[in-house]
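Please work through the following exercises with the structure at hand. Each task is followed by a stepwise solution.

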Amino acid sequence: MMRRASAAATAVAALLLTACASIGDDARNSGPPVPGSVLHAAAIAPDIEDRILALDPQHVSDDDVRHTLALGPAPRIILLHGGIFPTRYIMESFANFLIGMDYPKRALTDPGTGDLSHSPYEGSADLAGEIAWCYEHEGTRPMMIGHSQGGMQAVKVLYELAGLLDGQVRVVNPITRSAEERTTIVDPLTGASRPVIGLKVAYVSAVGAGGIATLLPNQWIMASRLYDIPDSVEDFTGFALGVDLVALDGPRTRDLYAPLGTARVRNVRLPAAYSHLYVVNTDRLSTEASARQWINDWTPALTGQDPPGGVDQENIQWAADVWYSIKQHWVNEAQRFVRARRALPGH
């Protein structure tokens, strides 16, 4: 209970101290913000900015998260659940894991619906337009984490952002759920106008994607594209289970995912004991002291390894890997924001 109270207090403090995720009534209006306004509006104390800039993205401790990162800008994380009924609530378990690890809830909650995860049946172009709007209004590039059909949807959104499915993507206001009459945004860090197409998100992961879901009409277009990752993401991690009858995946001698160009792509094979349906069921891991410590201490050198005896083993490899990447890109995005803010005239 104390940990949950601490997480809640940190989230409230972050909401007050940064304008990145404070989307007020004015944001309901169509049109881009004034250049530089997102940076100007952020009320981040200078000592917090200093501490953010001093962080090492590859070594982020629990204290770094709680006492530094959570007090500054946090990228919006878009969680995409699978297509069958229970998967929404199972993905919400992962959202609660992130909240328990002190990721600000406001950066996980859909600004329009208040939901903690998105359906894979939403329009991929609309979601790409929402990502552009959130970056424009919040100043940090979003991340996406998809499970099962949600993983396919995440890759499909990357194709939209890369301009490989359509010639243009309109900006979509996630509060009003309406598309705006523009295909460009004001870059919040530079003030320059730029098209939605070509926008690069920070981090995306997919687990249990493919297989049976490629037979669905809304995903047919991805059947031959799923494992080829376009340049609209910096870092992509594709997770596959040792045996996955839903994704039609078994032991392989080659990697599933590969970059089409410059994206950094990792392939991670999870234990065969992990369940396709429940692999993202992880909320308890943030409340168990030994599991939490192991996850916070995890580095890519431990890929494929379970923690020692006495630590909850279920789904922990997936949770640790994703949390490491989230922390890394959280630092990167916060540092980009602070540097741009300090470059403002008169700052």
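Predicted model: local features only at pLDDT ≥ 70, side-chain atom pairs only at ≥ 80, totals over all residues.

Residues are numbered from 1 along each chain as its sequence is written, and side-chain values use heavy atoms, with hydrogens and water left out.

**Exercise 1.** Determine how helix H5 and helix H9 pack.

Solution. Helix H5 covers residues 87-100 and helix H9 residues 316-342; helices are DSSP runs of H or I with at least four residues, and strands are E runs of at least two. Their axes lie 12 Å apart at an angle of about 55°. Contact means heavy atoms within 4.5 Å. H5 contributes Phe94, Phe97 and Leu98, while H9 contributes Trp318, Ala319, Val322, Trp323 and Ile326. By class, this contact of H5 with H9 comprises eight nonpolar, no polar and no charged residues.

**Exercise 2.** Describe the backbone and accessibility of Ser148 and Arg177.

Solution. Most residues other than glycine have a negative phi. Ser148, however, has a positive phi near 60°, and Arg177 likewise has a positive phi near 60°. Ser148 lies in the loop between strand E2 (143-147) and helix H7 (149-161). Its relative accessibility is 11%, so Ser148 counts as buried (under 20%; exposed is over 50%, partly exposed in between, with a 1.4 Å probe and protein chains only). Arg177 occupies the loop between strand E3 (172-173) and strand E4 (178-179). With a relative accessible area of 37%, Arg177 is partly exposed.

Notes
Axes fitted to C-alpha atoms, helices over the stretch in contact; angles between N-to-C directions. Nonpolar A, V, L, I, M, F, W, Y, C, P; charged D, E, K, R; others polar.
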